[in-house]
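Hello,

Here is the structure I promised to pass on. Please open it first, then read my notes below.

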Amino acid sequence: MTTLEFKIEINAPKEKVWDILWNDATYKQWTSVFCEGNYVVSDWKEGSKIQFLSPIGDGMNSIIYKKIDYEYMAFKHLNEIKKFKEMPADDTTKEWSGTMETYRLTEKNGQTVLKAKMDSVEKYIDYFNTTFPKALDLVKKLSEGK
């Protein structure tokens, strides 16, 4: 398992960046680089379940491990979802179950630094190293109104 780290500076207050990250409409926009039409199902409360889903109902079941509004969000990934049903753990799932994905926002003088970290299995490292910066660029554009 490898922890990947990504960082971007955004000319917007952290409250705006936070809203872009987790508001339903803008979440769909910036995460479209991973899967067009994806969405989440959650009440967005710490300790609650969150499901990351594609339009056909495939995705990941996770929990909101830690949440500090406008500062920090951490997801702990648990198992796969296929056609809207949670799948039992198998050998592939066991390889990544319990991995973390975190987002930290710090602001100074109206500029926000967004740091994202995610645990990845070896076979997805190149994909995330290519795709995740594109997603963060979209967060920046949406947050800066460009």
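Lys-140 has a relative accessibility of 22%, so it counts as partly exposed. This is a predicted model. Lys-140 forms a salt bridge with Glu-144, and the closest N and O atoms are 3.0 Å apart. Both residues lie in helix α4, four residues apart, about one turn of the helix. Glu-144 has a relative accessible area of 16%, so it is buried.

The structure holds six salt bridges. Another one joins Lys-49 and Glu-86, with the closest N and O atoms 2.7 Å apart. This pair links distant parts of the chain: Lys-49 sits in strand β3 and Glu-86 in strand β6, 37 residues apart. Lys-49 is partly exposed at 44% relative accessibility. Glu-86 is partly exposed too, at 37%. Asp-69 pairs with Lys-67 in a further salt bridge, the closest N and O atoms being 3.6 Å apart.

Next, the largest pocket. About 960 Å³ of space lies in it. The lining has 36 residues, and Phe-52, Gly-59, Met-60, Met-118 and Phe-128 are the closest to the pocket's centre. Elements that give two or more residues to the lining include α2, β3, β4 and α4. Strand β5 gives the most, with five residues. By type, the lining residues divide into 21 nonpolar, eight polar and seven charged.

Last, a loop residue. Ser-54 lies between β3 and β4. Its relative accessibility is 10%, so Ser-54 counts as buried. Leaving out residues up to four places away in sequence, Ser-54 touches Cys-35, Asn-38 and Tyr-39.

Best wishes

Notes:
Residues are numbered from 1 along each chain as its sequence is written. This is a predicted model: local features need pLDDT of at least 70, side-chain atom pairs count only at pLDDT 80 or more; totals for chains, interfaces and linings use all residues. Side-chain values use heavy atoms; hydrogens and water are left out. Buried means under 20% relative accessible area, exposed over 50%, partly exposed in between (1.4 Å probe, protein chains only). Contact means heavy atoms within 4.5 Å. On a 1 Å grid over the protein atoms alone, a cavity is a set of points where a 1.4 Å probe fits but cannot get out, and a pocket is an open set with protein on both sides within 12 Å along at least five of seven lines; lining residues have an atom within 4 Å of a point. Grid points are joined across faces, edges and corners, and a volume is the space filled by probe spheres set on the points. Ala, Val, Leu, Ile, Met, Phe, Trp, Tyr, Cys and Pro count as nonpolar, Asp, Glu, Lys and Arg as charged, and the others, Gly among them, as polar. A salt bridge is a side-chain nitrogen of Lys or Arg within 4 Å of a carboxyl oxygen of Asp or Glu.
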